[in-house]
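Me: Please take me through the structure below, starting with one of its sheets. I shall follow up as we go.

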Amino acid sequence: MRRPRPRTVLLAAALALALAAVFAPRLATRGTAFRLIAVVDVTGSMNVRDYTRDGRPASRLDEVKAGLRALAARLPCGSELGLGIFTERRSFLLFEPVEVCADFAPLDGAIANLDWRMAWEGDSYIAAGLYSGIALARPLGADLLFFTDGQEAPPLPASGIPPFEEEAGVVRGLIVGVGGATPVPIPKFDRDGQEIGFYGMDDVPQENRHGLPPTGSEEREGFHPRNAPWGGEAASGEEHLSAVRTDHLEALAAKTGLAYAPLADAASLAAAIASSARPRPVPGTWDSAPLPAGLSLALLIAFFAAEVLHARRPHPHPTTRIRVS
């Protein structure tokens with residue numbers, strides 16, 4: 001029998017691999033995924049524009065939305081992500097965790113439509129809002145992502161961070177610090193949502209005068225133990241300016257058993273989640289068809305490349321011999 005030509009062998013092998021790809025099985029696998037609730041601070045300081053996006057100033061809230069949308073696209077299929085907002089002293093759940101691949105379009109749209117006008121109060125009790133977010137995540141068996149600049153408004157009292165009544169570490173996750181390190185003015189809006197300038201020192205409380213006065217208040221001018229325990233002068237400070245309060249957020253993370261990370265790109269945020277949240281095994285499938293299909297394509301490419309080279313190779317012309325009788 002004649003041996004088959006190499007080109008015939010290549011085409012036959014490519015055909016066999018293509019048929020194998022058609023009938024290739026899906027194999028059961030185990031993957032790793034996450035179940036998360038992202039709570040986004042929508043209070044006034046999140047309107048500060050200390051980020052740049054596409055060459056233009058961007059607010060903290062816009063930067064959070066962009067990062068969260070990129071994170072949702074990066075999470076492995078099987079992961080679930082819910083969404084909530086924080087304002088005043090509590091977190092409010094918009095919807096429970098949904099699968100990030102099957103429900104990506106509505107999830108992405110919900111994140112894109114987050115707006116500072118959703119806030120129902122102007123105060124910003126960060127610690128209370130974080131504790132409320134933990135209380136939302138716990139019964140849902142989810143880990144928490146809490147996005148905030150950490151600016152308490154009004155400022156914390158002299159007694160400091162309020163106690164955390166739950167067991168630390170029961171809910172795991174991440175506090176994400178948002179904003180730059182340099183204090184900058186906070187935009188001010190009227191009742192119609194039109195920006196009308198920036199908050200001044202007299203527009204916001206510079207000191208929390210509830211509870212016991214701070215140590216050393218007796219040295220203040222106008223101090224009276226009953227009538228003026230904080231002194232007789234109006235408080236001054238920089239609470240009308242805003243920067244990320246990293247120290248405060250790290251202290252809250254230590255108190256609640258969460259981790260802390262600054263807002264960064266989706267890859268860095270996903271890495272921080274992987275090290276702080278609880279990975280969950282999820283069943284999955286692996287489609288084996290791409291393997292034989294890729295091999296078939298490679299053989300076809302090799303076949304046609306060989307044909308082109310063969311056509312371009314110079315062939316000797318046959319010579320005619322004349323016999324002389």
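**Sheet, helix and one serine**

Me: How many bridges join strand β8 to β13?
Reply: Strand β8 (residues 173-177) is joined to β13 by four bridges, and the two run parallel. Strands here are DSSP E runs of at least two residues, helices are H or I runs of at least four, and both are numbered from the N terminus. Two strands pair if DSSP finds at least two bridges between them. This is a predicted model, in which local features need pLDDT of at least 70 and side-chain atom pairs count only at pLDDT 80 or more, while totals for chains, interfaces and linings use all residues. Residues are numbered from 1 along each chain as its sequence is written, and side-chain values use heavy atoms, with hydrogens and water left out.

Me: Which residue stands opposite L174?
Reply: That is A259, in β13.

Me: What is the strand order of the open sheet?
Reply: The order is β6-β5-β2-β7-β8-β13, six strands with mixed pairing. At the edges are β6 (90-99) and β13 (259-262), each of which pairs on one side only. Neighbouring strands of this sheet are turned by 20° against each other on average, direction ignored.

Me: Which strands does helix α6 lie across?
Reply: Helix α6 (residues 266-276) lies across β2 (35-41), β7 (143-148), β8 and β13. The helix runs at about 145° to β8; axes are lines fitted to C-alpha atoms, for helices over the stretch in contact, and angles run from 0 to 180 degrees between N-to-C directions.

Me: Turning to S91, where does it lie?
Reply: S91 lies in strand β6.

Me: Is S91 buried or exposed, and why?
Reply: S91 counts as buried because its relative accessibility is 1%; buried means under 20% relative accessible area, exposed over 50% and partly exposed in between (1.4 Å probe, protein chains only).

Me: What does the S91 side chain reach?
Reply: The side chain of S91 reaches the backbone oxygen of G129 at 2.8 Å. Residues that S91 touches (heavy atoms within 4.5 Å) include V39, F86, G129 and F146, leaving aside residues up to four places away in sequence.

Me: Now the whole chain: how many helices and strands are there?
Reply: The protein chain has seven helices and 14 strands. Its radius of gyration is 32 Å, well over the 20 Å that the globule rule gives for 325 residues, so the chain is more spread out than a compact globule. That radius is taken over C-alpha atoms, and the rule is 2.2 Å times the number of residues to the power 0.38.

Me: What does the C-alpha trace span along its principal axes?
Reply: The span is about 140 × 45 × 35 Å. Buried residues make up 36% of the 325 residues.

How values were computed
A polar contact is a pair of N or O atoms within 3.5 Å; within protein, one must be able to donate a hydrogen and the other to accept it, and residues adjacent in sequence count only if both atoms are side-chain atoms.
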